[in-house]
Amino acid sequence: MRTCTLFSYATPLAGTALGLKAPLRARADNATTSSNTTCATGVHMIVARASVEKPGQGTIGGVVTLVQQAVPGSDSEAVDYPATLTDYLNSEAAGVAAMQILIQDYATRCPNSKIALLGYSQGAQVVGDVMCGTSETAFNMTSPLDIGLAKNIVAVIQMGDPSFTVGQPQNVGNATKGGIFKRQDLAACALSASITKSYCDATDKYCDSGNSSAVHAAYVKEYGTEAATFIESKVNGSATVITSSAGDGTRGLLVKVLLNSAFVFCVYQMI
């Protein structure tokens with residue numbers, strides 16, 4: 001069993017030892033949603049909250065509200081996962097599994113609807129692992145989202161991602177060090193870079209391995225309007241078709257972002 005020691009967050013939780021125990025059950029079926037029968041005519045947003053935030057959309061819900069105001073016919077639902085620090089590795093893995101279920105269920109029910117995914121911190125890592133596959137040290141490896149589901153995704157928003165890696169085209173902010181759980185395999189992420197914004201500023205305690213919890217908590221305030229505008233532009237604009245075949249380092253991921261298909265991934269978690 002591999003273990004690692006987690007940082008202490010700005011929340012009332014101090015540094016906690018994270019052991020990789022039996023997997024936590026994903027509970028996507030209980031996620032909050034604006035509707036479970038209708039399909040969004042604007043964009044459907046799937047939201048992963050930050051660590052230790054109450055169940056629901058959390059702080060990143062502020063971006064959801066802005067998008068709903070700007071794009072008529074939009075709705076949202078929250079990923080129901082532990083979002084805990086005391087068993088972070090299993091919590092994050094449960095978030096990945098739960099988000100995948102929500103994506104699959106919604107894409108099956110509403111194949112022509114555009115989707116937005118939002119998350120903060122641990123939630124941002126969840127989104128990244130769904131889109132890119134899990135490759136961070138000490139985390140169980142997972143594959144990128146299947147092409148049949150990824151084809152509807154038009155925007156990905158990550159804020160304060162602990163797996164943030166510097167030098168990527170989707171990055172926004174002035175971070176220079178990278179996250180505490182740096183992503184090791186970036187090939188699949190490159191395929192969705194044009195539809196992704198990942199926000200991280202210097203000294204952020206978790207996405208830039210710094211010492212500031214205040215910076216980590218400020219992304220919706222600093223970039224919320226920008227992120228919502230980016231989502232709106234991807235929902236209303238033409239998406240770029242991107243493809244990859246097996247054997248090129250993407251573990252077989254084939255992603256196509258098609259015109260008039262939208263899936264917005266917003267990850268913003270306040271660890």
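**Note on salt bridges and disulfides**

1. Glu136 and Arg183 form a salt bridge, with the closest N and O atoms 3.3 Å apart. A salt bridge here is a side-chain nitrogen of Lys or Arg within 4 Å of a carboxyl oxygen of Asp or Glu. The pair links distant parts of the chain, 47 residues apart: Glu136 sits in the loop between H3 and helix H4 (147-150), Arg183 in the loop between S7 and H5. Helices (H or I, at least four residues) and strands (E, at least two) are DSSP runs, numbered from the N terminus. Both Glu136 and Arg183 are buried. Buried means under 20% relative accessible area, exposed over 50%, and partly exposed in between (1.4 Å probe, protein chains only).

2. Basis of the values. This is a predicted model: local features need pLDDT of at least 70, side-chain atom pairs count only at pLDDT 80 or more, and totals for chains, interfaces and linings use all residues. Residues are numbered from 1 along each chain as its sequence is written, and side-chain values use heavy atoms, with hydrogens and water left out.

3. The structure holds two salt bridges. Asp129 also pairs with Arg183, the closest N and O atoms being 2.8 Å apart. Asp129 lies in helix H3 (residues 122-132) and Arg183 in the loop between strand S7 (171-172) and helix H5 (187-191), so this contact ties together parts 54 residues apart in sequence. Asp129 and Arg183 are both buried.

4. A search of the whole structure finds three disulfides, each a pair of cysteine sulfur atoms within 2.5 Å. Cys39 is joined to Cys110, S to S 2.0 Å. The torsion about their S-S bond is about -80°, so this disulfide is left-handed. Cys39 lies in the loop between strand S2 (17-19) and strand S3 (44-48), and Cys110 in the loop between helix H2 (88-109) and strand S5 (115-120), 71 residues apart. Cys39 is partly exposed at 36% relative accessibility; Cys110 is buried at 1%.

5. Cys132 bonds to Cys189, S to S 2.1 Å. The torsion is about 130°, so the disulfide is right-handed. Cys132 is in helix H3 and Cys189 in helix H5, so the bond ties together parts 57 residues apart in sequence. Cys132 is buried, at 7% relative accessible area. Cys189 is buried too, at 6%.

6. Cys200 and Cys207 form another disulfide, S to S 2.0 Å. Its torsion of about 95° makes it right-handed. Both cysteines are buried. With the bonded cysteines numbered in sequence order, the pairing is 1-2, 3-4, 5-6.
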